[in-house]
Amino acid sequence: MAKKMNAFYAQSGGVTAVINASACGVIETARKHKDKIGKVYAGRNGIIGALTEDLIDTTKESTTAIAALRSTPSGAFGSCRFKLKSLEANKREYERLIEVFKAHNIGYFFYNGGGDSADTCFKISQLSEAMGYPIQAIHVPKTVDNDLPITDCCPGFGSVAKYIAVSTLEASFDVRSMAKTSTKVFVLEVMGRHAGWIAAAGGLVEDYGIPVVILFPEIEFDQKKFLARVNRLVKEHGYCTVVVSEGCHYPDGTFLAEQGTRDAFGHAQLGGAAPVVANMIKDAHGHKFHWAVADYLQRAARHIASKTDVKQAYELGQKAVELAIKGHNSVMPTVERISDAPYKYKIGMADLKDVANVEKFMPRDFITKDGFGITPKCKRYLTPLIQGEDYPKYKDGLPVYVTLKNVAVAKKLAAFKL
């Protein structure tokens, strides 16, 4: 680009414990390249901020505040679930984006999110060719589901995996203590609509001798086999822990946790697999149970974040800016694993056309033949991703997290109705 342009950064989809670390990487790196990038404007609530011209001036934040994002969970600028339609289906949205980009001299677009966000970023990247507006769109990967293709892992996943592994272990110790006269089965429901990566993390507790059954979205739910497996483990050990993915489904495709409603992306809204499974066990075998839904707790738990995850989240944000400066468009920085032990990786790059609308599922050889556990190969994959602690600072017993000022940029255009 001949003249120095400003950058737009936004967070999209479900937030994580480390998405702000990526924001930190983007903003700090951009500040080091003031000769190439002007201001970094953040979209308030994702792409909605771009459409409604609701921009945040990150230059109003101190160096200390931006640095503190690295250890602060959730989305500092607000996120959204908003499906940007195709150019043919809704040209007015793209015309509006160009109008906003022109008004604020924006030539770089960094979108931090998962699969649906990659699709949005890919569509934005086509504006140069389709509508003649020069924009470089770089997707910054993020998803606790770990289901983006090409990249070895996704920022957000390692910390959720660590939280689930630790929670499964601790709760199992509790159940083991009470099993003689009370609870014999504990059921933990975790996120994962179509991919069982998070549920797999619960299998890491097997090395502590914990009897655990995992229900993956990749394996059709067989009620008879499942109940028999749980009952056998209870008889052998006196107790059993079940980790069930919210995406676990029957052979006909119906989710155990189907609510009959859909989110903004058209996905079935899930929630409630744990009580379904727990009551199923009680009705069949009479075992006392407790259940829990990890829900937001698993993705917000910055206090127990994986050091590997935090580091990679920052590096991918950093790399996104470096790729943009080098002239790249329609790409996503990736993690390329070199070895498991010692764990080594490098930061690579993938074309967005190969990422958008593609889901990465658990390989079958990561799941045991019976479909209820994880293999040594899966453990070798998971273990490096949960390594290390990156504790935030604490004050009066609570972690110190930053809340940005989020000063709004003055609007120059007429209002836009979504």
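**View 1. Strands β6 and β8 in a parallel sheet.** Strand β6 (residues 185-190) and strand β8 (residues 240-245) run in the parallel sense and are joined over 6 bridges, where two strands pair if DSSP finds at least two bridges between them. Helices (H or I, at least four residues) and strands (E, at least two) are DSSP runs, numbered from the N terminus. Phe186 has Thr241 in β8 as its bridge partner. Helix α7 (residues 157-178) packs on the sheet and touches β6 and β8, its direction making about 165° with that of β6; contact means heavy atoms within 4.5 Å, and angles run from 0 to 180 degrees between N-to-C directions, with axes as lines fitted to C-alpha atoms, for helices over the stretch in contact.

This is a predicted model, in which local features need pLDDT of at least 70 and side-chain atom pairs count only at pLDDT 80 or more, while totals for chains, interfaces and linings use all residues. Residues are numbered from 1 along each chain as its sequence is written, and side-chain values use heavy atoms, with hydrogens and water left out.

**View 2. The open sheet as a whole.** The open sheet consists of 4 strands in the order β7-β8-β6-β11, with parallel pairing. Because β7 (212-215) and β11 (289-293) stand at the edges with a single partner strand each, one side of each is left without a neighbour in the sheet.

**View 3. The crossing of helices α9 and α10.** The axes of helix α9 (residues 223-237) and helix α10 (residues 273-285) come within 10 Å and cross at roughly 75°. That makes α9 roughly perpendicular to α10, a term for angles of 65 to 115 degrees. From α9, Gln223, Phe226, Leu227, Val230 and Asn231 meet Val277, Met280, Ile281, Ala284 and His285 of α10. The residues of this contact divide into 7 nonpolar, 3 polar and no charged, where Ala, Val, Leu, Ile, Met, Phe, Trp, Tyr, Cys and Pro count as nonpolar, Asp, Glu, Lys and Arg as charged, and the others, Gly among them, as polar.

View 4. Ala341 and Pro342 are joined by a cis peptide bond, with omega about 0°, and Pro342 lies in the loop between β12 (331-339) and β13 (344-351). In another loop, the one between β2 (37-43) and α2 (47-51), Asn45 is found; the phi of Asn45 is near 65°, a positive value in a residue other than glycine.

Note on methods: Angles under 35 degrees count as roughly parallel, over 145 as roughly antiparallel, 65 to 115 as roughly perpendicular and the rest as oblique.
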